[in-house]
Each structure stands twice: as structure tokens, then as C-alpha cells.
Amino acid sequence: MSILVFYSEFDSFEQWSTLLAPHLPGVTLCRAEEVQNDDEVHFALVWKPPHGFFAPYRNLKLLINLGAGVDSLVGRDDLPDIPIVRLSDPHMARMMASFVLFAVLRYVRDIPAFERAQRERRWHYLHPRSPETVRVGVLGLGELGAHTALELARQGLDVRGWSRSQKNIDGITCSSGIDALDAFLAGSDILVVMLPLTPQTQGLLSAERLARLPHGCAFINVSRGAIVDQVALTQALQRGQIAEATLDVFDREPLPPEDALWGMENVLITPHLASVAIPASAAPQVAANIQRAARGEAVLHQVFPQQGY
Ligand code: GLV
């Protein structure tokens with residue numbers, strides 16, 4: 001008898017268990033509070049479980065992070081010493097790319113200016129720019145970043161990408177390493193932050209680095225708030241050094257009601273949903289990893305806590 005324990009405040013247990021059950025005969029899916037025998041819990045499918053969550057489950061074999069970003073998991077001091085895997089789902093990458101496309105094209109096509117003009121009943125003609133003249137910098141070229149960069153390039157935009165180690169992606173001008181970061185930022189009319197949050201990327205976009213961005217640029221963050229100095233970002237937006245921002249993530253979530261960002265008309269705020277775990281497309285991969293772990297085989301999409309991703 002094997003139990004798969006589930007924990008998430010955001011994802012539906014019913015949906016996940018309906019989709020997983022047919023793939024996992026012999027495995028019972030339970031919410032944490034329904035587990036009767038802790039020793040039968042061999043697998044955990046979790047998003048941000050409370051501290052101490054894993055302690056009762058002494059026979060855990062596999063921990064599956066119910067999302068792409070593992071920063072909230074790998075930094076914990078209560079992790080069991082077992083393989084940890086994350087979701088790596090092309091549909092999640094597509095969902096992310098669609099959000100970033102929306103946010104980038106909204107700026108490329110000057111939509112915020114038209115939204116403001118409409119509120120004033122003002123006919124405000126701005127001649128459309130051609131996409132090749134707009135430099136979009138994608139900061140982070142992992143699975144989600146690389147897919148998004150390609151989708152942006154398909155729009156004819158001048159897409160550049162930066163990552164810690166050098167990547168080569170057709171049609172994208174790639175640069176890498178901390179020494180190349182300032183030049184990359186200086187060449188981004190629209191910056192899209194898609195890095196994982198690790199000890200190396202925490203606070204990477206400091207006030208000094210934000211100041212390297214071209215005056216009047218647009219800033220989009222769909223990864224993690226802690227990569228950016230949020231106070232410096234807010235000030236840059238107030239000064240107009242950064243003209244516009246689309247922010248899906250924040251250093252504190254939910255963003256507190258008193259935060260200045262809420263009241264800024266050059267900021268679009270969304271509540272951390274640019275991309276989410278999609279049960280229908282991710283369930284087969286979750287089930288496959290559970291079957292592999294049950295057979296003692298190597299799992300896919302493993303995360304290495306000391307590396308941070
Ligand atoms: C969402 O932020 C995720 O990491 O899946």
C-alpha cells in the first residue's frame with residue numbers, strides 16, 4: 001500500500017486526483033489531513049507546504065513540487081533527503097509565453113497610452129513602431145525563458161537573452177555571465193525577468209543595475225519579486241526612468257494594500273498567475289515520475305537543492 005499525499009492552497013485536489021488515479025493503481029491519493037498511516041506515505045505532491053510537513057512521513061521516496069519554481073522549497077531546512085522533482089510542462093511554458101506576449105505587445109503597440117487617452121476622451125494617434133526596432137531583453141533562458149524568447153522573436157521583435165551560462169538559440173542574440181549583464185540591460189527597451197530565484201539571483205536587479213536600463217523602458221517581472229529591489233523599482237517608475245511595468249510577482253505576496261505600486265497608473269499588477277501548474281497536461285509526467293520512483297529508477301526533472309534549481 002502506497003499513499004501520495006497532496007498539499008496546495010491554490011491547486012485542486014479533486015482535479016489532480018481524478019487525473020492521476022487512472023495512472024497509479026495501488027497508490028491512494030490523500031490530502032494531508034486524511035492520511036491514516038503516515039508510514040504508507042511514499043510520495044508527496046506539494047506547493048508551499050507548512051514547515052515540518054514532511055516530518056511524519058519517514059518512508060517518503062519522492063517529493064514533487066507542484067510548480068516550476070522551486071525557490072520556496074529548496075531553501076527550507078526541513079527537507080527530507082530524497083529526490084525532489086519539479087514540473088516541466090510544455091503547456092506551462094506556453095501559458096507563460098502567452099502572458100509575456102500580451103505584456104510585451106501591449107507596450108510595443110502603446111496600449112497604455114491609448115488607455116490613458118480614452119479615459120480623457122482624447123483621440124491620440126501614435127504611429128505604430130515596427131517590431132524589429134524594439135529590443136526585448138529576456139533575462140533568464142531556462143525552459144520558460146527560452147520558449148518565451150522564441151515566441152517573441154516570431155513577432156519580429158529584436159529579442160536578446162541573458163543567462164548565467166551561455167545558451168545558443170536560433171534567432172535570439174544570447175549573452176551570458178555577470179560581466180555582460182550591464183550591457184544587456186542597457187540594450188533592453190523592454191526587459192522581461194524570467195530567472196529562477198537562487199542565492200545568486202536574489203537582489204540581482206539592484207538600484208544600480210536598474211539604472212542601466214534605457215530611460216523610458218518597460219519592465220516585466222514574471223519570475224520572483226525577490227530578484228528585484230522593489231523599492232528601487234518603485235522609485236524608478238515614479239521618476240519615469242522606467243516608464244511602465246507589468247508585475248506578476250512581488251517581494252511580499254499578496255502585495256500589501258498600502259503598497260505604492262497599487263496606485264501607480266503606469267503599473268499593471270496581476271496576482272502571481274502568469275503561469276500555473278496545469279493538471280491535464282502535467283499529470284502524466286507526475287504519474288511517470290511516481291512509477292519510476294516506485295521501481296527504484298532515476299526520476300526526471302530532478303531539482304538539486306544546493307544548486308537552487
Ligand atoms: C509559479 O510561480 C511556479 O513556479 O510554478
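Helices α3 and α5 cross in a right-handed way. Keep in mind that this is a predicted model. Helix α3 covers residues 90-108 and helix α5 covers residues 143-154; their axes come within 9 Å and cross at roughly 50 degrees. That angle makes α3 oblique to α5.

Who touches whom? On the α3 side you'll find Met-92, Ala-93, Arg-94, Met-96, Ala-97, Val-100, Leu-101 and Val-104, and they meet Leu-144, His-147, Thr-148, Glu-151 and Leu-152 of α5. Sorted by class, this contact has nine nonpolar, two polar and two charged residues.

Now for the spaces. The second largest pocket is lined by 15 residues, and those nearest its centre are Tyr-107, Asp-110, Arg-129, Gly-216 and Glu-244. At least two lining residues come from each of α4 (111-119), β10 (217-221) and β11 (242-247).

There is also one cavity of 30 Å³ or more. Around the largest cavity sit Asn-221, Gly-225, Val-228, Gln-230, Leu-233, Leu-247, Val-249, Phe-250 and Leu-261.

Here are the two spaces side by side:

| Space | Volume | Lining by class |
|---|---|---|
| Second largest pocket | about 240 Å³ | nine nonpolar, two polar and four charged residues |
| Largest cavity | about 40 Å³ | six nonpolar, three polar and no charged residues |

So much for the numbers. What charged residues does the lining of the largest cavity have? It has no charged ones, while the lining of the second largest pocket has four.

How values were computed:
Residues are numbered from 1 along each chain as its sequence is written. This is a predicted model: local features need pLDDT of at least 70, side-chain atom pairs count only at pLDDT 80 or more; totals for chains, interfaces and linings use all residues. Side-chain values use heavy atoms; hydrogens and water are left out. Axes are lines fitted to C-alpha atoms, for helices over the stretch in contact, and angles run from 0 to 180 degrees between N-to-C directions. Helices (H or I, at least four residues) and strands (E, at least two) are DSSP runs, numbered from the N terminus. Angles under 35 degrees count as roughly parallel, over 145 as roughly antiparallel, 65 to 115 as roughly perpendicular and the rest as oblique. A crossing is left-handed if the near helix is turned anticlockwise from the far one by less than a right angle, and right-handed if clockwise. Contact means heavy atoms within 4.5 Å. Ala, Val, Leu, Ile, Met, Phe, Trp, Tyr, Cys and Pro count as nonpolar, Asp, Glu, Lys and Arg as charged, and the others, Gly among them, as polar. On a 1 Å grid over the protein atoms alone, a cavity is a set of points where a 1.4 Å probe fits but cannot get out, and a pocket is an open set with protein on both sides within 12 Å along at least five of seven lines; lining residues have an atom within 4 Å of a point. Grid points are joined across faces, edges and corners, and a volume is the space filled by probe spheres set on the points.
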